[in-house]
Amino acid sequence: MAYRTLADVGTDVRFRTGMDSTSFTDTNLIWTANKYFRIILRHLIGLKEDFYAEISTASLVTNQQEYSLPAEASATPWGGGAVKILRIEVAYDDPTNDNNWRVADPLVWSQIAGPTNNVSNIADQFDTAAPKYAIYDKSLFLFPVPEAASTDGIRMFYIKRPGEMTATSNVPELTVDFLDTMGIGISIDIYESLQRREDMADSIARFNGRLAEMKQQEQGLAEEMPLRLGSAQSSVDYT
């Protein structure tokens, strides 16, 4: 069966488990699908994270140090937004001039001498020729603080966590080959709720087997990549 939407996944799951839309509602389908969607993505992202990378831009504001990361404030525990920050690039002056761009290095707060509430103190410690950044909560803090506005002066390279599915009409952000894996995972929870232990054990074995096949297939694709996005410095985990 060729899956196209979450509703297609639900149809297949209900057929294989003997359920219907009353005994296994769309509400249960959506939250259970998101649960196994997260598990699958963790395996895939770990193998070839650059395939899931995106670039977000923001404008520098005069005397503003804090900038929002590309994460949804209202996101659920498995909602959208950034999973990992790979690289930060900054142009404190005229971003249209390629020579003004610098790769910012990550730092931790303990590396900052003295308080950070005074812009001039921060400027004395850091240089726009060698910018740094720190992550706190859902924000990125720049060192030094911009002294002038710069349109689209920040480029954030990050691994995106796909937004959760909220309706059966949603199309899961997985290749068709991998959607049946999510369906097998959903059946694990169904069999557990029905106390069908043998079927549950069989589904667990099938799910793990499909994960192994997926990882082997994706590993082959990752090894064929000619170039990794990456950066010279260590990447920073956001979540």
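**View 1. Arg 210 is buried at 18% relative accessibility.** Buried means under 20% relative accessible area, exposed over 50%, partly exposed in between (1.4 Å probe, protein chains only). The model is predicted: local features need pLDDT of at least 70, side-chain atom pairs count only at pLDDT 80 or more, and totals for chains, interfaces and linings use all residues. Residues are numbered from 1 along each chain as its sequence is written, and side-chain values use heavy atoms, without hydrogens and water. Arg 210 forms a salt bridge with Asp 180, with the closest N and O atoms 2.9 Å apart. A salt bridge puts a side-chain nitrogen of Lys or Arg within 4 Å of a carboxyl oxygen of Asp or Glu. Asp 180 lies in helix H4 and Arg 210 in helix H5 (residues 197-223), so the pair ties together parts 30 residues apart in sequence. Helices (H or I, at least four residues) and strands (E, at least two) are DSSP runs, numbered from the N terminus. Asp 180 is partly exposed, at 25%.

**View 2. Arg 155 and Glu 89 form a salt bridge.** Their closest N and O atoms are 3.0 Å apart. Arg 155 sits in strand E7 (residues 150-161) and Glu 89 in strand E3 (residues 81-91), 66 residues apart. Arg 155 is partly exposed at 27% relative accessibility; Glu 89 is buried at 13%.

**View 3. Ser 187 is found in helix H4 (residues 176-193).** Ser 187 is buried, at 0% relative accessibility. Leaving aside neighbours within four places in sequence, Ser 187 is in contact with Arg 16, Thr 17 and Ser 203. Contact means heavy atoms within 4.5 Å.
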